[in-house]
Structures are given as structure tokens and as C-alpha cells.
Amino acid sequence: MRNGRQARGGVLALILLAFAFLAPLPALAVNPDEVLKNPVLEQRARNLSAHLRCMVCQNQSIDDSNAELAKDLRVLVRERLTDGDTDEQVLDYVVSRYGEFVLLKPRLSAKTIALWSAPIALLLIGALTMILFVRSRPPLKTVTPLSDEEKARIDELSKG
């Protein structure tokens, strides 16, 4: 009886161990040689890297990506910070080189407002067009009932 319980416990332990090894772990792609010695600057670099899109992976930040371009951007961010740039200056510099698309959360500007409001505007224009189309149609003709002569003529034609 005891051997059966131990065997089941061992199998359960192996299954749990397998799940632990197969579970996805958050893999940050920052290499040890990229880490700054100043912990304050390193934290600023990590915060900035989390807001910049990897141009290769596109749905990952440069902090999470293993792509060479992401590594180059991480190094560039750290260089700019050690040169004394503010966070905003670093972001402005990267955006000037790669465009607004490099930001995971785009800045609020006339372009982004137009982009996000365009679907709503198109829906409103479509609804207005439909309303105007329906209102401008000529009214439906009312059907007048058949006269006695017309009913008699139909009866005559159907009989004969």
C-alpha cells in the first residue's frame, strides 16, 4: 500500500517538475554587457526600452527582443542617457530616426487623433448618407382598390 502511494507521489512530482521546466519564463533580452553600472540610469534605460518597439518583432519592446536592431537600440538608449540626455530627449532622438511607429504607445498628436477618429467619422458619414437617401426617395404610391368594372374585367379574363 505504501509503495503505491510513493509511486504516485513520485509520478506527480515528475509531472510538476516537467511543467515547471516547460512553463514559459519571462525572458528579458538585455545582455549583461549592456547593463549600466549606475542603477538609476539603468532603471531609466529599462523604462525607456519598455516603451520602444522592436522594428523587427514589432509587437515586442526592445527590452524583450533578441533581434540585433533591438540590441543596437538598447545600446543607443544607454549611450544617450550616459551622455546626459533626458528621457524625453532620448525618445525624441529615436523617433526622429525611426518615426512614430517605434513608440509602443504613440504620442497624442493631430495625426493620431485623425487616425483614431477616422472610423467613427466614416460611420457617421455613412449613417447621414443613408438617412438623406431614405428621406429623398419619392414617396411610395398608394394602391387604390379596384373598381367594380376592373374586377368584372379580371373575372372575365380569368374565365376565358
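**Reading helix packing**

Modeller: This model is predicted. Let us begin with H3 and H4, which are oblique to each other. The axes of helix H3 (residues 68-82) and helix H4 (residues 87-98) cross at roughly 140° and come within 10 Å. Angles over 145 degrees would count as roughly antiparallel, and therefore this pair is classed as oblique.

Biologist: What is the handedness of the crossing of H3 and H4, and which residues make the contact?

Modeller: The crossing of H3 and H4 is right-handed. H3 contributes Leu69, Leu73, Leu76, Val77, Arg80 and Leu81, while H4 contributes Asp87, Val90, Tyr93, Val94, Arg97 and Tyr98. By class, this contact holds nine nonpolar, no polar and three charged residues.

Biologist: At what angle do H2 and H3 pack?

Modeller: Helix H2 (residues 39-50) packs with H3 at about 135°, the axes lying 10 Å apart. H2 is therefore oblique to H3, and their crossing is right-handed. Residues in the contact include Leu41, Ala45 and Leu48 of H2, and Val77 and Leu81 of H3. The contact of H2 with H3 comprises five nonpolar, two polar and five charged residues.

Biologist: Where does helix H5 bend, and how many of its residues are buried?

Modeller: Helix H5 (residues 110-136) bends by about 40° at Ser117. A proline, Pro119, follows within four residues. H5 is hardly covered, with one buried residue among its 27 residues.

How values were computed. Residues are numbered from 1 along each chain as its sequence is written. This is a predicted model: local features need pLDDT of at least 70, side-chain atom pairs count only at pLDDT 80 or more; totals for chains, interfaces and linings use all residues. Side-chain values use heavy atoms; hydrogens and water are left out. Axes are lines fitted to C-alpha atoms, for helices over the stretch in contact, and angles run from 0 to 180 degrees between N-to-C directions. Helices (H or I, at least four residues) and strands (E, at least two) are DSSP runs, numbered from the N terminus. Angles under 35 degrees count as roughly parallel, over 145 as roughly antiparallel, 65 to 115 as roughly perpendicular and the rest as oblique. A crossing is left-handed if the near helix is turned anticlockwise from the far one by less than a right angle, and right-handed if clockwise. Contact means heavy atoms within 4.5 Å. Ala, Val, Leu, Ile, Met, Phe, Trp, Tyr, Cys and Pro count as nonpolar, Asp, Glu, Lys and Arg as charged, and the others, Gly among them, as polar. The bend at a residue is the angle between axes fitted to the seven residues ending there and the seven starting there. Buried means under 20% relative accessible area, exposed over 50%, partly exposed in between (1.4 Å probe, protein chains only).
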